[in-house]
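These are my notes from a first look through this structure. I wrote them down in the order in which I looked things up.

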Amino acid sequence: MGTYRPEGVIETARWYVAEAHQPKARPHRAQPSEASRSEANRLAGRHVEAPRSEARRVEAPHFEARHVEARHIEARNVEAPHFKARHVEARHIEARNVEARTWRTRDSAALLSRALPRHAVRVSHAFATDRLAHEGLSWKSSGHCADRHNRVCTSMQAMRSETLAGVIALKRESGCKVVVTGGTEAGHAPGAFSHAAGYKIDIRHNECVDRHITRTYTKAGVRSDGAALYRSGDGALFASESDHWDILFR
């Protein structure tokens, strides 16, 4: 046996007491990363709330964008009938404009065609020359004037509307150039159906007019002054004088 040493026991006991009171160092554990926790939670079947919240926050602008787009679609749907209505209205306006032009063309013709010999409409010189120009006819005066009381002038003042309509119809029917040289001015033979009374009008000779009258209308004899007469289907009487046709519309 070894030698008993009391001081050795005491030192040993002190060492155990000191060792027991020392704080024990815990082993260092590395903290898992966010990706590791997410993966671990996914594997464990856990519900991850934070990522879905973030997803909802990301989805919110898309949701708002869809709402904005829906409002634009509704606005376009509302605007579409108005757009169609404007197009329909534009077509109606164009139709009215065309109709107005048609009626402006017809109104004078209607005035002329409605007049009967016993209820003749008397037209002014300005109206008559305007209608002639509109239909492609012209008028000439040797004195370059339109005074009804001057024999060297050419006037259509107080001419019957039937007479004016008749010479326009001749132009349309023949397609010839028609030049008016005499109307209601002084210097013509008097009578109930004379120039002054508004029943007669003079037009210049030309090959086209002469050919149309002599080939289309019926020969009606010879007038007392030797002028050859031709009668149209509607009763107008054409007398061929030296430099013009003397036409009676009754």
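In which helix is His125 found? I found His125 in helix H4, residues 125–135; helices here are DSSP runs (H or I) of at least four residues and strands are DSSP runs (E) of at least two, numbered from the N terminus.

Before going on, I noted that this is a predicted model, in which local features need pLDDT of at least 70 and side-chain atom pairs count only at pLDDT 80 or more, while totals for chains, interfaces and linings use all residues. Residues are numbered from 1 along each chain as its sequence is written, and side-chain values use heavy atoms, with hydrogens and water left out.

**Entry on His125**

I then listed its contacts (heavy atoms within 4.5 Å). Apart from neighbours within four places in sequence, His125 touches Trp139, Ala146, Thr154, Ser155, Met156 and Gln157. For Met156, I noted that the backbone nitrogen is 3.0 Å from a polar atom of the His125 side chain.

**Entry on the strands**

I followed Trp139 next. Strand S2 (residues 138–139) runs parallel to strand S4 (residues 179–182), and two bridges join them; strands pair if DSSP finds at least two bridges between them. Trp139 stands opposite Val180 in S4. On S4 I also found an antiparallel pairing with strand S5 (residues 200–204), again over two bridges. There Val180 stands opposite Ile203.

**Entry on the disulfides**

How many disulfides does a search of the whole structure find? I got two, taking a disulfide as a pair of cysteine sulfur atoms within 2.5 Å. Cys145 and Cys153 form a disulfide with their sulfur atoms 1.8 Å apart. Their link is left-handed, with -100° about the S-S bond. Cys153 is buried, at 3% relative accessible area.

Cys176 is joined to Cys208, S to S 1.9 Å. This link of Cys176 and Cys208 is left-handed too, with -70° about the S-S bond. Cys176 lies in the loop between helix H5 (161–174) and S4, and Cys208 in helix H6 (residues 207–216), so the pair ties together parts 32 residues apart in sequence. Cys176 is buried at 3%, whereas Cys208 is partly exposed at 26%. In sequence order, the bonded cysteines pair as 1-2, 3-4.

**Entry on the aromatic rings**

I searched the whole structure for aromatic pairs and found four. Rings of Phe, Tyr and Trp (its six-membered ring) pair if their centres lie within 6.5 Å; planes under 30 degrees apart are stacked, over 60 edge-to-face, and the rest tilted. One of them is the edge-to-face pair of Phe193 and Tyr199, 4.9 Å centre to centre with 85° between the planes. Phe193 is partly exposed at 35%, while Tyr199 is buried at 12%.

Tyr217 and Phe238 form a stacked pair, 4.9 Å centre to centre with 25° between the planes. Tyr217 is in the loop between H6 and strand S6 (218–222) and Phe238 in strand S8 (residues 237–240), 21 residues apart. Both Tyr217 and Phe238 are buried. Ring pairs link Tyr217, Phe238 and Phe249 into a cluster.

Note on methods:
Polar contact = N/O pair within 3.5 Å; in protein donor to acceptor, adjacent residues only side chain to side chain. Buried < 20%, exposed > 50% of the residue type's maximum accessible area, 1.4 Å probe, protein only.
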